[in-house]
Amino acid sequence: MENIIRARRKALGLSQEELARRCGVSRQTVNAIENNKYDPTLSLAFRLAQSLQTTVDDLFRPLP
């Protein structure tokens, strides 16, 4: 899976720290997800989508 979390976060003017706080995780977790080193749980994926004002389907896409 690849994701557009970094681009969406920056478009909304959020830091990794702020996004992490909103989702109840560490900044390191957000960094790992953005760099495709960690796949979030379904629950966290929904919290990320809500915090980034989009849907899980828009945030995460299968690799071609």
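This report describes the nonpolar core and the salt bridges of a predicted model.

## Basis of the description

Local features are given where pLDDT is at least 70, side-chain atom pairs count only at pLDDT 80 or more, and totals for chains, interfaces and linings use all residues. Residues are numbered from 1 along each chain as its sequence is written, and side-chain values use heavy atoms, with hydrogens and water left out.

## The nonpolar core

The largest nonpolar core holds 15 residues; such a core is a set of buried Ala, Val, Leu, Ile, Met, Phe, Trp, Tyr and Cys residues joined through side-chain atoms within 4.5 Å. Buried means under 20% relative accessible area, exposed over 50%, and partly exposed in between (1.4 Å probe, protein chains only). The members that touch the most others are Ile5, Leu19, Ile33, Leu48, Leu52, Leu59 and Phe60.

At least two core residues come from each of α2 (16-23), α3 (27-34), α4 (42-51) and α5 (56-59), and α4 contributes the most, with four. Helices (H or I, at least four residues) are DSSP runs numbered from the N terminus.

## Salt bridges

There are four salt bridges, each a side-chain nitrogen of Lys or Arg within 4 Å of a carboxyl oxygen of Asp or Glu. One of them joins Arg6 to Glu34 (3.4 Å, N to O). Arg6 lies in helix α1 (residues 5-11) and Glu34 in helix α3, so this pair ties together parts 28 residues apart in sequence. Arg6 is partly exposed, at 30% relative accessibility, whereas Glu34 is buried, at 5%.

Arg9 also forms a salt bridge with Glu34, with the closest N and O atoms 2.6 Å apart. Arg9 is buried, with a relative accessible area of 7%.
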